[in-house]
Amino acid sequence: MSTIELYIRLESLGQVTCPGQVTCLPAVKKMGRTEWAMWANEHALLSGVVLTLGGVVGTAAQFPNWQFAAASLGAGLLVMLIEYPRGKKMNGGFHPRRGQGCPQACTVILGPITRNYICRSLLLALLSAPGYLTLATILGSISLAISVLFYLLAAIRGESWQPGHTGDSKHEKISQDTEPKIPPPRTPEELRQGSLLQRLQLGRVSKLIASSGSRRPGKRQVPLTETSPLVES
Amino acid sequence: MLKSALAWARAPAACLNFNLFLLLLPVCRNLLSVCRGICPCQFLRHQLDDNIICHQLLAWTVTLLTAVHIIAHVFNLERYAGAWSADENNTLLGALSRIDGNGYLNPMRNENMTPLLASVTTVAGITGIVATICLFLLLSSSMTLIRRSFFELFWLTHHLSAIFYIAIAFHGYGRIVRGQTPESLKNHDPDICSDKFNNWGSNTTCPLPQFVGLPPKTWKWILAPMVLYALERGLRFYRAQQTVAITRVVCHPSRVLELRLRKRGFHAGVGQYVFLCIPSLRSLEWHPFTLTSAPEDDYFSVHVRVVGDWTEGLAKVCGMAEEFEEGAGNAEGCERHKRKPKLDTWQLPFVAVDGPFGSPADAVFEYNTSVCIAGGIGVTPFASVLKSTWNRVSRGSPLKLSKIYLFWLCRDTHAFEWFSELLVALESQLTDIGRPETLEYNIFLTAWDENQALHIAMRHEQETDVILGTKQKTSFGRPSWDREFSRLVEKHQGEEVGVFLCGPPKLSDVVKKKCSGFSKNQTKFVFHKENF
């Protein structure tokens with residue numbers, strides 16, 4: 001029996017529940033158009049790192065106008081805090097960075113300032129301002145200005161920052177030792193010898209056989225009586 | 001004047017020269033294919049398999065060296081500017097800064113020049129800023145999320161590397177770093193004259209020292225790889241102009257499109273890949289696809305899953321728009337396609353093909369026993385391997401490979417029905433010629449739900465597998481690699497077994513560890529990984 005026939009058969013038996021489960025033909029999600037906000041976020045985070053590094057150099061070496069370097073250091077750290085949590089993609093996909101829960105809470109608190117990309121780009125433009133005044137931080141500021149342009153482009157295309165939740169991630173780490181949540185297919189013999197829950201499953205198997213009208217040749221039909229209100233703990 | 005900062009800048013610069021020389025080489029695909037062809041031994045060819053990882057490591061090294069170089073030059077420029085300050089008026093630094101004419105030392109020619117101004121008015125400063133900004137853009141667009149989700153953005157932005165290399169080539173053009181000329185050193189010994197800076201030029205023992213800019217060297221390092229890469233792209237352009245005929249378009253379930261193509265002079269090995277471009281769709285986009293046909297076939301084929309803009313456009317220009325409409329049932333789509341009048345050959349789009357390019361799967365037939373492990377879509381290269389194995393076995397060609405194992409792990413077999421059909425066909429064909437033991441496959445479905453489990457339980461006594469229709473039953477969950485490798489060691493004691501993997505990084509890490517863990521007492525598992 002091909003996979004397609006299997007699924008159609010299950011559908012006719014009324015056993016298919018809802019989209020998203022493996023028994024259904026999965027909804028094919030389009031790999032959509034370019035989301036400028038995603039690139040802007042990566043670039044802004046990188047710019048924040050560069051700005052911070054430049055600020056550290058300018059402040060520690062006490063170059064002339066080192067005060068602007070110190071301001072850029074603070075600005076760079078703030079940029080990193082705002083940009084570290086990744087938002088959801090427009091198609092709902094979510095790829096969080098490691099440990100982004102805490103910075104995400106801070107970003108969410110800022111509300112529309114970070115959610116709306118026009119506000120975010122204005123904030124980043126403001127934070128990049130002190131960096132233009134010293135050599136150590138100018139590269140960080142120029143780079144941040146480019147990410148401001150990307151965010152403006154994202155805003156024009158109607159994108160906005162949406163916080164994701166841990167459950168949304170499709171790439172949660174599954175260790176080699178993680179047990180499957182649902183037991184694998186077991187033969188009727190294994191079900192008969194198994195736990196109460198498995199015997200309940202056997203009852204459902206028998207009902208399926210009876211309702212579909214199919215009989216396994218040469219085998220005794222399993223009685224339809226094995227039901228119990230008890231749920232095995 | 002600059003103290004140690006000059007050394008801190010020049011040392012990374014020297015390292016950068018070498019790294020930039022190496023950086024372009026791993027991405028010259030044709031060069032690598034040639035090297036793969038002429039390499040005398042498998043060990044050397046194996047080193048070419050990780051070319052992309054090598055390129056990424058070199059890129060990170062370039063980034064780190066650039067950071068050190070820039071920080072050092074910030075110090076240099078600030079110190080050059082500091083040499084003009086009032087504090088340095090009557091000092092050696094002041095004297096050195098005030099040397100006029102062509103033999104000057106301090107590139108900041110007067111006290112009004114600031115480091116910021118110097119960085120935007122000198123060739124070195126401008127090219128440095130341009131190159132660094134390009135590097136930042138390259139870095140941010142090369143992150144995994146952007147590369148995987150928005151490949152065209154990554155690919156187009158990566159062309160900024162041309163500007164990067166040109167900027168770097170001209171970075172030393174201004175000869176901003178200056179050293180004392182040999183003639184001046186004969187007349188003006190720094191050890192003797194450094195204390196007598198007030199009298200320089202007024203006596204013969206210490207005339208004014210003369211300095212000259214050091215010639216740029218970077219262009220000597222990066223010229224050759226730039227030319228090689230330019231030739232590489234030229235070859236790609238030339239190949240793109242050659243005629244490729246689409247001989248057949250096949251519609252498979254789950255939105256999979258098979259294109260069968262022919263091109264004059266095209267010959268591919270097993271598991272190799274090509275880049276396809278549909279100029280009528282998007283002239284700048286090239287997409288890699290593994291070849292699913294065997295080298296013995298008189299065509300070459302690719303299986304394309306229709307999931308995004310480009311692949312939907314491809315389906316449309318091949319006359320398959322309705323079949324792959326979102327929401328359309330795939331089985332009924334294929335049925336509709338069978339009834340619909342097909343496009344004529346001249347109506348099919350012009351396809352540009354670049355390649356074929358070698359891949360680790362080339363080496364499958366170099367071993368007596370090969371183990372192919374595929375995760376999900378990674379099974380595609382092994383289609384070619386299996387077909388070629390069948391061709392060689394059925395024709396009785398001399399074949400070193402006597403046994404091939406396939407481990408296929410996937411959530412479900414959606415989008416891979418075509419491969420399942422291939423397995424069923426191969427299984428029966430090998431049985432027909434009396435060689436069923438050549439291929440042993442193990443399929444692991446890692447996702448199922450209760451209904452499916454029940455349905456499979458009902459059919460467990462059937463001869464063929466419920467899911468795939470093969471004689472070998474499908475297993476559920478992940479394989480126990482310890483058990484599988486122990487079994488392999490038992491059966492192939494003392495042999496060198498090739499292990500080929502095409503799948504996610506986690507699976508790769510696990511299998512690689514098992515290969516090294518179980519390689520002992522003459523039995524050796526040689527790990528090869530496909531890079532997608």
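A residue is called buried at under 20% relative accessible area, exposed at over 50%, and partly exposed in between (1.4 Å probe, protein chains only). The exercises below concern a predicted model, in which local features need pLDDT of at least 70, side-chain atom pairs count only at pLDDT 80 or more, and totals for chains, interfaces and linings use all residues. Residues are numbered from 1 along each chain as its sequence is written, chains are lettered from A and ligands numbered from 1 in the order in which they are written, and side-chain values use heavy atoms, with hydrogens and water left out.

**Exercise 1. Classify Ile192(B), His69(B) and Tyr80(B) by their accessibility.**

Step 1. Ile192(B) belongs to helix H12 (residues 190–193) of chain B; helices (H or I, at least four residues) and strands (E, at least two) are DSSP runs, numbered from the N terminus. Ile192(B) is partly exposed because its relative accessibility is 48%. Its C-alpha atom is 8.2 Å from that of Cys206(B), 14 residues apart along the chain.

Step 2. His69(B) is found in helix H4 (residues 51–82) of chain B. It has 11% relative accessibility and therefore counts as buried. Residues up to four places away in sequence aside, His69(B) touches Ala9(B), Pro12(B), Ala13(B) and His171(B); contact means heavy atoms within 4.5 Å.

Step 3. Tyr80(B) also lies in helix H4 of chain B. With a relative accessible area of 8%, Tyr80(B) is buried. Beyond its neighbours within four places in sequence, its contacts include Met1(B), Leu2(B), Leu105(B) and Ile176(B). Between the C-alpha atoms of Tyr80(B) and Phe266(B), 186 residues apart along the chain, the separation is 60 Å.

**Exercise 2. Describe the interface of domain 1 and domain 2 of chain B.**

Step 1. An automatic or database domain assignment divides chain B into domain 1 (5–236), domain 2 (244–357) and domain 3 (360–530). The centres of domain 1 and domain 2 of chain B, taken over C-alpha atoms, are 46 Å apart.

Step 2. Determine the extent. The size of an interface is often given as the accessible area lost when the parts come together. Here the buried area (the accessible area, 1.4 Å probe, that two parts lose on being put together, summed over both) is about 760 Å², and carbon and sulfur atoms give 58% of it. On the side of domain 1 of chain B, Arg29(B), Trp155(B) and Arg236(B) lose the most area, together 56% of what that side buries. Seven residues of domain 1 of chain B contact eight residues of domain 2 of chain B.

Step 3. Identify the charged pairs. The two domains share two salt bridges, each a side-chain nitrogen of Lys or Arg within 4 Å of a carboxyl oxygen of Asp or Glu. Arg29(B) and Asp354(B) form a salt bridge with an N to O distance of 3.6 Å. The elements of domain 1 of chain B that give two or more residues to this side are helix H2 (29–38) and helix H9 (151–157).

**Exercise 3. Which residues of helix H14 (residues 309–317) of chain B are buried, and against which strands do they pack?**

Step 1. The buried residues are Trp310(B), Thr311(B), Gly313(B), Leu314(B) and Ala315(B).

Step 2. These buried residues pack against strand S4 (256–263), strand S5 (273–277), strand S6 (287–290) and strand S7 (300–305) of chain B.

Step 3. Just after H14(B), Gly319(B) has a positive phi of about 80°.
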